[in-house]
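User: I have a structure open and I'm new to it. Could you walk me through how to read its features?

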Amino acid sequence: MTTPPAPLDADTLYQRCDPSRLPFETTAELQPPAFPPGQTRALEALEFGTEIEDGSFNLFALGAFGTGKYAVVRDFLEQRAQRDEPPWSWGYVYNFDEPDKPRLLRLPPQEGRKLEKGLENLVEEFRTAIPAVFESDEYHNRVQELREAFKRRQREAVEAISKKAKEKDVALVNTPNGFTLGPVRDGEILDPEEFHKLPEEQQETWQAAINALEKELKQSLQQIPKWQKEAREKLLALNEEMLRVAVGQQLQALEDDWEHLPDVTAFLGGIRDDIISHVNDLDDEGSTVPEEILNQYQLNLLVDNADLEGAPVVYEDLPTHARLIGRIEHYFREGALLTDFRLIRAGALHRANGGYLILHARQVLMQPFAWDTLKRAIYGKQVRIESLEQFYTVFTPISLDPDPVPLDIKIVLIGDRLLYYLLSEYDPDFSKLFKVQADFEDTLDRNPEHELDYARTLAALAQSNNLRPLDRSAVARTIEHASRMAGDNEKLAAGTRPLADLLAEANHIAGKSHSDTVGSTHIEAAIAHQEKRAERLRERAVEAILRNTLNIPTSGERIGAINGLAVSQLGNFSFGLPTRITATARPGRDQVVDIEREAKLGGNIHTKAMMILSRYLGSHYAPDGELSLSASVAFEQLYGTIEGDSASVAELCALISAIARIPIRQSLAVTGSINQLGEVQAIGGVNEKIEGFFRICRDRGLDGTHGVLIPEANLPHLMLNHEVRSAVAAGRFKVYPIAKADDALERLTGQPAGEADANGRFPAGSVNWAVADRLLHFQTVTRHDASHGEDENG
């Protein structure tokens, strides 16, 4: 005969951290750790992924929410980046050959700003030097000389005709309508009447002379446009000469400074040719260059890495298409949208080029086209600025097609495990581009070394957030709370975000009490305040049980009824509550009805657990025949979906009670999963479940009979609160470990479970004997009904 499992001692329900074992007085004495403890696997992956030069070995940092993945990745990359050289600076300049395709300049990191300043100074020099040259006396004198030369040439041609005319008694007269020729006698021009009175022979002589002179005059006048053109060409050549004088010295100085970069000197040469070609575009005074032209000679410094001491580390919190690859801005002019190379703006990929880019995977996937844009950039190893409007709108503004920027980058995506595995499964590109997974641990082993590392982590959190230092007792209490968050007294929760929130609240409480340090009382108060703010729904549920609105008896005995335990998760707050499970049994044929499943309220895991339970009943009580049983199991007053297998031990015990007609103690609650061999398996949320039932029993009055049965495999997970431990120490509440179904039956019924002998018979008076006997009766009834039915049919 087996002995029922003994209740656990209070000391086994909690793993304390002894403050005296911590070798410091406050965390102010501790140096922060280089990296959080327990993340060796993730750190090694980060080291490998950043060292390998293959551009497809990008990284995905995966882990549970709140584990501090971003902070660890950022700190690691910033330290790693210090070992790298600053990357190139990048800029765009005007393309004199194809204005809609700005040219890309690659510049040493320190020299982008220098070139930008040099071109700004050059443009400023143009604004002053060009007007100065064209306003100089030398220029005006030379222009005057050109004008005088043209006038002199014109005058000499007319005077030559006039001289010939005088020799032939013909006058050349300049009228408002042009030049005219007329006969002269005695120094006077003859009018037409007098001319026609002359002898015909004399008229013909004069007319022939006039015609010859008119022909010669016409030929001379036809040369004037040619002379004007020559004069304009000479003026243009003069202007070009003066422009070269005005810009030559400054351009030559820049070309000498940048002769080590051929692309820059080629651009400066383009400026020289372009400014000369625009000599006709000077204003009316011939001295000022239009701003539209001068703007073409500047540098759009897209990425300036002059201030970097290593490789860039960039985090983009809104990874849209445009914020990843950059954009081209526009401006309005006369109702039209215009742009130029100066309005090209860098994206995150530009800024992180030559270094590291951190992105949250979920945010990238939520932005339209951003994921495809990112993959295209990685595949192509270049960043090409493309506007979505060009592809998805009917009317698009004038835009540019700038040279793509070569891409040399490591990208680190941060996300949860589910997202990582979904991408791996459904996106064939993902595994090709993100080959390194940095998997962050959710927990770390609890040992003296890690406890000290944890204390250093708390010191780092306090220092980085400007909080008061923690004393030893506060560190010890926080370590204990970390075990509770991990749900394991042999583990510590690895997440830093919940710890940072806890320390911030404890620091506030310490400040209100005028304390220089954060103590354990402040930590305890912060934990209590966090729980208090979140427990409204739990309080309403407890109230409903205490008022018997929900039927959860905690005293007496009942057949076919038991208190199970369940956990509810609301946001970051989880709590346990008892649930009422009932069972019925009658003669039938190998059928256990799961009412939750029939009502479509049972999940797949719960359905599986019920199938395992029914198989256990058949193999345990009818190994060589048919199980003559028609039974049902239900969760009373639960109207939502039931999922999980942690109630299968309670369901089994309720069924056995209904079959054997043996009552179950209602002062006890049960949790645990069962397999087909009757072994009790571990479940989740054991602490919340125990505390949930304890709360109900406490409010109704503890009498020493109340307790909870839990799987023996869950003992390492116990981190119960102080109130439960105190009640256990005082003998007013008990926690029983169970390893198999018979352990639960003995404790719940107060009777021995009974082990089968070599013939498969259970000892009389045992629970299993009562079950087997009742099932034998069911079999007899079932056979009698079957034979009676056959006789009637016959």
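Analyst: Let's go through the sheet, a helix, the cores and the aromatic pairs in turn. This is a predicted model, so to speak of local features we need pLDDT of at least 70, and side-chain atom pairs count only at pLDDT 80 or more, while totals for chains, interfaces and linings use all residues. Residues are numbered from 1 along each chain as its sequence is written, and side-chain values use heavy atoms, leaving out hydrogens and water.

User: Let's start with the sheet. In what order do the 7 strands come?

Analyst: Strands (E, at least two residues) and helices (H or I, at least four) are DSSP runs, numbered from the N terminus. Two strands pair if DSSP finds at least two bridges between them. Here the 7 strands make an open sheet with mixed pairing, in the order β23-β24-β22-β21-β26-β29-β30. At the edges sit β23 (591–594) and β30, each pairing on one side only. From one strand to the next, the twist averages 30 degrees.

User: How many bridges join β21 to β22?

Analyst: There are 10, between β21 (residues 561–570) and β22 (residues 573–586), which run antiparallel. One place to look is Q569, whose bridge partner in β22 is S574. The two strands form a hairpin with 2 residues between them, and G571 in the turn has a positive phi of about 65 degrees. By contrast, β21 and β26 run parallel, joined by 2 bridges, and N563 stands opposite A669 in β26.

User: Which strands does α24 lie across?

Analyst: For packing, contact means heavy atoms within 4.5 Å. For angles, axes are lines fitted to C-alpha atoms (for helices, over the stretch in contact), and the angle between N-to-C directions runs from 0 to 180 degrees. Helix α24 lies across β21, β22, β23, β24, β26 and β30, at about 25 degrees to β22.

User: What span should helix α24 have?

Analyst: The expected span is 1.5 Å times one less than the number of residues. For the 13 residues of α24 (residues 648–660) that gives 18 Å, and the end C-alpha atoms are 18 Å apart, which agrees. Just after the helix, R661 takes a positive phi of about 60 degrees.

User: Is α24 mostly covered or exposed?

Analyst: Buried means under 20% relative accessible area, exposed over 50%, and partly exposed in between (1.4 Å probe, protein chains only). α24 is mostly covered, with 13 of its 13 residues buried.

User: Which residues have the most contacts inside the largest nonpolar core?

Analyst: In soluble globular proteins, nonpolar side chains tend to be buried together. A nonpolar core is a set of buried Ala, Val, Leu, Ile, Met, Phe, Trp, Tyr and Cys residues joined through side-chain atoms within 4.5 Å. The largest one here has 45 residues, and I562, L617 and L748 have the most contacts inside it. Among the elements giving two or more residues to this core are β22, β24, α24 and α28 (767–793). The largest share, 10 residues, comes from α24. Looking beyond its neighbours within four places in sequence, L748 touches residues including I562, C653, L668 and L709. Apart from this core lies another of 41 residues, among them A352, L407, L423 and F434.

User: Now the rings. Why is the pair W371 and F434 stacked?

Analyst: Rings of Phe, Tyr and Trp (its six-membered ring) pair if their centres lie within 6.5 Å; planes under 30 degrees apart count as stacked, over 60 as edge-to-face, and the rest as tilted. By this rule the model has 18 aromatic pairs. The W371 and F434 rings have centres 6.1 Å apart and planes at 20 degrees, so the pair is stacked. W371 lies in α13 (residues 370–380) and F434 in the loop between α16 (430–433) and β17 (436–439), so the pair ties together parts 63 residues apart in sequence. Both W371 and F434 are buried. Another pair, Y420 and F430, is edge-to-face, at 5.5 Å centre to centre and 75 degrees between the planes.

User: Are Y420 and F430 buried or exposed?

Analyst: Y420 is buried, at 9% relative accessible area, and F430 is buried too, at 0%. To put the rings together, F60, W371, Y420, Y421, F430 and F434 form one aromatic cluster.
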